Amino acid sequence: MKIAIVDDTPLNLVLMEKLVGHHPGWTPLPFSLPEQALAWCLANEPDLIIVDYMMPGLDGLSFIRRVRAEHARDDVPILMVTASDERKIRYDALEAGANDFLIKPIDAHEFNPRVRNMLMLREAHLATRQRAEVLADEVRRATAEIQARERETVTRLARAAEFRDPETGAHILRMGHYSALIARHLGLHRDYVDAILLAAPMHDVGKLGIPDYILLKAGRLTPEETTIMRRHPVIGYDILKGSGSAIIQLGASIALSHHEKFDGSGYPRGRAGTDIPLEGRIVAVADVFDALTSPRPYKPAWPLERAVAWLKEGRGGHFEPACVDALLANWDEVLAIRERFGAEN
Ligand SMILES: [Fe+2]
Ligand SMILES: [Fe+2]
């Protein structure tokens, strides 16, 4: 236990240093200059401070106030040394944050038990603090585990939909990252960016409810088949809606809105502009861009320039302009995502 002793009277200082030094485990740190003591106490963590009231320069009251003003030192016990007739000063010292007093002249019978009491207080406080840290650690670990499981569940759900769909696993990874890239460059909160990365891959889970003869049809869909195909946003929404998970909630919104167009010509609800949820506007750009630049059974992959021209063409029509701009303005990151998750499937 480190005990800072602050007293300008050499006799008192030496006496207290000796009394403290007698105890194994107690280390006295004597200071005759209060400013020096204050600097040390703010830079280090003492376990107890014993401070005289009457000192030149910085008196005991000001000393205590300065220590207490530092948040990290507001729980270090402080003993103040006063004369027996300084009642008013003791009230002020309590107010300033002193925990107890030593009456001058110092004697060992009073000094030892009071210091011991203060150090017991300190130990109890340190034990509580350590317990709180252990608990906080456990909560962090448990939360991380829950989040990891949620991520896994969500990813597996997106993969289940993939089995029914000619779109590939690489597509859902890339469009998730494009969505996160757009969200980040729109200045959205980190939590939202992290959530959309996981939620965007669920955009087509509703295809689980579309019959094979339509989903796997090689040729052009008839108008009736198109009508059925266009139910996948609502089916996806029905699968995901009402979840307590923020990621799945976001996934529900994306499933429902990813085929809406900025000018109101999309489906299923024909919403326009900011009536389309922001995540729907973001994912529309990410999903179409990746679909264009990937090969499909019915078409080869478009060259990047052609896909870029398509996005520019659709800026303000199909797509929210800010989302197109966010993608095109960060082209290096787009290329890095293609590189990382493979552009050839
Ligand atoms: Fe879709
Ligand atoms: Fe897609």
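Reader: What is the disulfide count here, and how do you know?

Author: This is a predicted model, and the count comes to zero disulfides. The rule asks for a pair of cysteine sulfur atoms within 2.5 Å, and by that rule the count is zero.

Reader: What makes C41 and C323 buried or exposed?

Author: The cut-off for buried is under 20% relative accessible area. C41 has 0%, so C41 is buried. C323 also comes out at 0%, so C323 is buried too.

Reader: And why is A246 called buried or exposed?

Author: Exposed means over 50%, and A246 has a relative accessible area of 57%, so A246 is exposed. A246 sits in helix α11, residues 246-257.

Reader: Which residues touch the most other members of the largest nonpolar core?

Author: Those are I182, I196, M202, V285, F289 and L327, out of 45 residues in that core. At least two residues each come from α5 (108-162), α6 (169-185), α7 (190-199), α11, α12 (278-292), α13 (304-313), α14 (321-328) and α15 (331-341). The largest share is that of α12, with eight residues.

Reader: What is M202 in contact with, beyond its neighbours within four places in sequence?

Author: Contact needs heavy atoms within 4.5 Å, and the partners of M202 are V154, L157, A158, L240, I247, I248, G251 and A255. There's also a second, separate core of 24 residues, and A4, C41, M55 and I64 are among them.

Reader: Let's turn to α4. Which of its residues are buried?

Author: In α4, residues 87-96, the buried ones are I89, R90, A93 and A96.

Reader: How do you know that the buried residues of α4 line one face of the helix?

Author: Look down the axis of α4: the buried residues fall within an arc of 120°, so they line one face. As a general point, an α-helix has 3.6 residues a turn, so residues three or four places apart point the same way. R87, K88 and E95 are exposed on the other side of α4.

Reader: What covers the buried residues of α4?

Author: The cover includes α3 (60-69), β4 (78-82) and β5 (100-103).

Note on methods
Residues are numbered from 1 along each chain as its sequence is written. Chains are lettered from A and ligands numbered from 1 in the order in which they are written. This is a predicted model: local features need pLDDT of at least 70, side-chain atom pairs count only at pLDDT 80 or more; totals for chains, interfaces and linings use all residues. Side-chain values use heavy atoms; hydrogens and water are left out. Buried means under 20% relative accessible area, exposed over 50%, partly exposed in between (1.4 Å probe, protein chains only). Helices (H or I, at least four residues) and strands (E, at least two) are DSSP runs, numbered from the N terminus. The arc is that of the directions from the helix axis to the C-beta atoms. A nonpolar core is a set of buried Ala, Val, Leu, Ile, Met, Phe, Trp, Tyr and Cys residues joined through side-chain atoms within 4.5 Å.
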